[in-house]
There are 2 protein chains.
Amino acid sequence: MVAELVTVGTEILLGNIVNTNAAYLSEMCAKLGLTVYYETSVGDNPERMLQTIQTAVERSDIVILSGGLGPTKDDITKDIAARVMGKELVEDPHTRDRIQQYFDNLSIKRPEVKITENNWCQAMIPKGAVVLDNENGTAPGLIIEEGEKTVILLPGPPNELKPMFERQVYPYLQEKQPEVIVSQMVKICGIGESMVETMIEDLIDGQSNPTIAPYAKTGEVHLRITAKAKSNGEAKKLIKPVLRELKLRFGKNIYATEEKKSLEEAVVDLLRDKNMTLTCAESCTGGALSARIVNVSGASDVFKQGFVTYSNKAKRKYLMVKKSTLKMYGAVSEKTAKEMAKGGCFTTGSDVCVGITGIAGPGGGTSDKPVGLVYIGCCVDGHITVREYHFNGNRSKIREQAVVYALTLLRDCILQSYS
Amino acid sequence: MVAELVTVGTEILLGNIVNTNAAYLSEMCAKLGLTVYYETSVGDNPERMLQTIQTAVERSDIVILSGGLGPTKDDITKDIAARVMGKELVEDPHTRDRIQQYFDNLSIKRPEVKITENNWCQAMIPKGAVVLDNENGTAPGLIIEEGEKTVILLPGPPNELKPMFERQVYPYLQEKQPEVIVSQMVKICGIGESMVETMIEDLIDGQSNPTIAPYAKTGEVHLRITAKAKSNGEAKKLIKPVLRELKLRFGKNIYATEEKKSLEEAVVDLLRDKNMTLTCAESCTGGALSARIVNVSGASDVFKQGFVTYSNKAKRKYLMVKKSTLKMYGAVSEKTAKEMAKGGCFTTGSDVCVGITGIAGPGGGTSDKPVGLVYIGCCVDGHITVREYHFNGNRSKIREQAVVYALTLLRDCILQSYS
């Protein structure tokens, strides 16, 4: 079945807010196996909203609208949706009671809040519609059905929309679905997007069910295998040989096949498995590598210490980088990265240390050492690997890439240390 | 003039990413005085994309598309847009050279990166289109004009889209506008969104030209004053009294009136002005504060050292937090935050140190010390201020808020130290 999203609100069109509802509802639809072809944002103008909802209802089975259910004059989503579906508005006594109750409760805490005539508009519903109680506000959600078409209206505030969707809309939509959709993630690091694409060109050319879709992230490529079938087991059976083939082709470069596992989580898991502790010694990345590692819940099991040694003095004091190294080779050099990694292990007693030094720009580059030059050293149980990288982009992009490649190198070195 | 946004990508429809490009482009259109009535997201299906672009071109003067310009088979935006505008594709030698150059640069240093046949597709452009060089990737942007209609194609990755828009598309669109639009940014920290809105309710209610639009960011609110006039000078004259009024109302909470200045830049500037050096001592934020400071170009002038002291042992060793403090009050306590800030100044000889300790979750919370509890200590010239915060959201949201509030507290304390 095909679903379509319409998010209503001038604040979206003005860029005042990022449309997280659309992302949330899209993910939920994907999880439900609903295909989403279009998402539209529109303001609170009656003609344009009418046209948008009409188009959506014509080309999709289920239209999910969010926003514009409030009590003000601008909130016209319900009226327009009712008109498109050919329903008149009638008062719903249950909703009227709930609104009364909501304000009764509120006025105990905040006596200045008064119920206004506008609020009663929210008790009017399209005839025959299913009312979705709002646990966190006054505007109820609505499901309007007519023939093969369904229109679902949800309030705009995410803290009202999400619980309403999870508790009431998700089970409703799940029952409507004839097919099961299963998707399988394959996350790859250390190979660029076009190289990955070239390596699976034949698979993508021949695909129908399952499909493979590549998503390029900074320094990573994610491949999503998606299969449709009559049952969960059948869909998984379709995915299995494709997953096996991708594993054959990308081998060790696959760092995860779990939907939610990040590269830093894979690294933390690996460190935990090997019973190793980690120290990060960062110059140009300024703590961003540590921050990514620490964003993993439970990172404290493996993360020993982080140093942001931006100055030469700090590199010497905390990482035992030699004065002569800094003088002869400079702070951005293979030798400095090596000593940072080694010194980090030594001073903290960690099993593993990554040292990063580079020129993130925009200033500080020379013809010899241009902006984007980064050295990453990795010391694992005394064995040190150093690699030289040349990244493109602005300051924050260079730093972001340095962090991803540091995680990739770290993963490589730990894997190698035990092979 | 009416602009319309079309963001392309299955990853948007599947909810894999939040559509920040749409929010960015909407804000830029508002800044340019362009009216946006519709925003659509569509996948990489030729028929649906064709229909979407056609509809957009019919009802709007300017259509801005983002995404689907990459080198993979999925990337069809350019072909479809060219078809809608009735243009054939021809090779652009300039773009071909740039792609060659990009890979030459890349492959000298990273021999594993190979140029593939796919990459050359990116050198094909609709006949007569204006090519927008991509400083951060291989896919060029394009401006296609035909009669009264303009279609602008931008790459999907935000770090490619934003600089391209700012440097090349913004001035182009500005020239197309019959009226001069001037906007003035006012960036506020330390006051919540609804409080800011309440404080300017009367101004917003009575506004027509200039207008004030609030943009809520994590821990910050940005207000954009926008005026339309026949000349630059006239528009600025309209803005002046509104800016003065906002300065009166928000005072010291305004950290910048420059469009591009970030909170961390304001803090670095302040430290530089006062000739002060900074050390960051982070626990739950794991280096994210240091990373934000170091992302400011020239931060080395003021940034002395960063410590990520996740363990009690590290807090004692590098920040001289007392064993008894950790034992009696715990690692997440006012007293620990205070000692971290003080110890960081002492061991490094910095004038200023921020210490952050908290519970980012999802584990580790108790009824006494729930997830989201964060203490931030700030030591400036020996004077220490500690504040307690209670943040909502998931692990990364809590850490992000902790970083912004640390920057805000840091700014407050430095300002106060000289008053």
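**Note on the predicted model: sheets, cores and a helix pair**

1. In chain A, four strands form an open sheet in the order β10-β11-β9-β12, and their pairing is antiparallel. The edges of this sheet are taken by β10 (211–217) and β12 of chain A, each of which has a single partner strand, so that one side of each is left without a neighbour in the sheet. With direction ignored, neighbouring strands of the sheet are turned by 35° against each other on average. It should be kept in mind throughout that this is a predicted model.

2. The partner of β12(B) is strand β9 (residues 180–189) of chain B, to which β12(B) is joined by 2 bridges in an antiparallel arrangement; one residue pair to inspect is B:K187 with its bridge partner B:A256 in β12(B).

3. Is strand β3 of chain A enclosed by the rest of the structure or left open? For this strand (residues 62–66), 5 of the 5 residues are buried, so β3(A) is largely enclosed by the rest of the structure. The burial applies to both of its faces, with A:I62, A:I64 and A:S66 lying on one side and A:V63 and A:L65 on the other.

4. The strand partners of β3(A) deserve a separate point. Strand β1 (residues 2–8) of chain A runs parallel to β3(A) and is joined to it by 5 bridges, with A:T7 standing opposite A:S66 of β3(A). Strand β8 (residues 149–154) of chain A likewise pairs with β3(A) in the parallel sense, over 5 bridges, and in β8(A) the residue A:L153 is the bridge partner of A:L65.

5. The largest nonpolar core has 45 residues, of which A:L278, A:L289, A:I293 and A:I376 touch the most other members. At least two residues of this core are supplied by each of β12 (254–256), α11 (263–273), β13 (278–282), α12 (288–294), β15 (352–358), β16 (373–380) and α16 (395–417) of chain A, and the largest share, 11 residues, comes from α16(A). Leaving aside residues up to four places away in sequence, A:L289 touches A:C280, A:E282, A:V354, A:I356, A:V403, A:A406 and A:L407. There is also a second, separate core of 44 residues, which includes B:A288, B:I293, B:V380 and B:Y389.

6. Finally, helix α13 (residues 312–319) and helix α15 (residues 334–348) of chain B pack at an angle of about 40°, with their axes 8 Å apart, and that angle makes α13(B) oblique to α15(B). On the side of α13(B) the contact is made by B:K315, B:Y318 and B:L319, and on the side of α15(B) by B:T336, B:E339, B:M340, B:G343, B:G344 and B:T347. Sorted by class, this contact of α13(B) with α15(B) comprises 3 nonpolar, 4 polar and 2 charged residues.

Key
Residues are numbered from 1 along each chain as its sequence is written. Chains are lettered from A and ligands numbered from 1 in the order in which they are written. This is a predicted model: local features need pLDDT of at least 70, side-chain atom pairs count only at pLDDT 80 or more; totals for chains, interfaces and linings use all residues. Side-chain values use heavy atoms; hydrogens and water are left out. Axes are lines fitted to C-alpha atoms, for helices over the stretch in contact, and angles run from 0 to 180 degrees between N-to-C directions. Angles under 35 degrees count as roughly parallel, over 145 as roughly antiparallel, 65 to 115 as roughly perpendicular and the rest as oblique. Contact means heavy atoms within 4.5 Å. Ala, Val, Leu, Ile, Met, Phe, Trp, Tyr, Cys and Pro count as nonpolar, Asp, Glu, Lys and Arg as charged, and the others, Gly among them, as polar. Two strands pair if DSSP finds at least two bridges between them. A nonpolar core is a set of buried Ala, Val, Leu, Ile, Met, Phe, Trp, Tyr and Cys residues joined through side-chain atoms within 4.5 Å. Buried means under 20% relative accessible area, exposed over 50%, partly exposed in between (1.4 Å probe, protein chains only).
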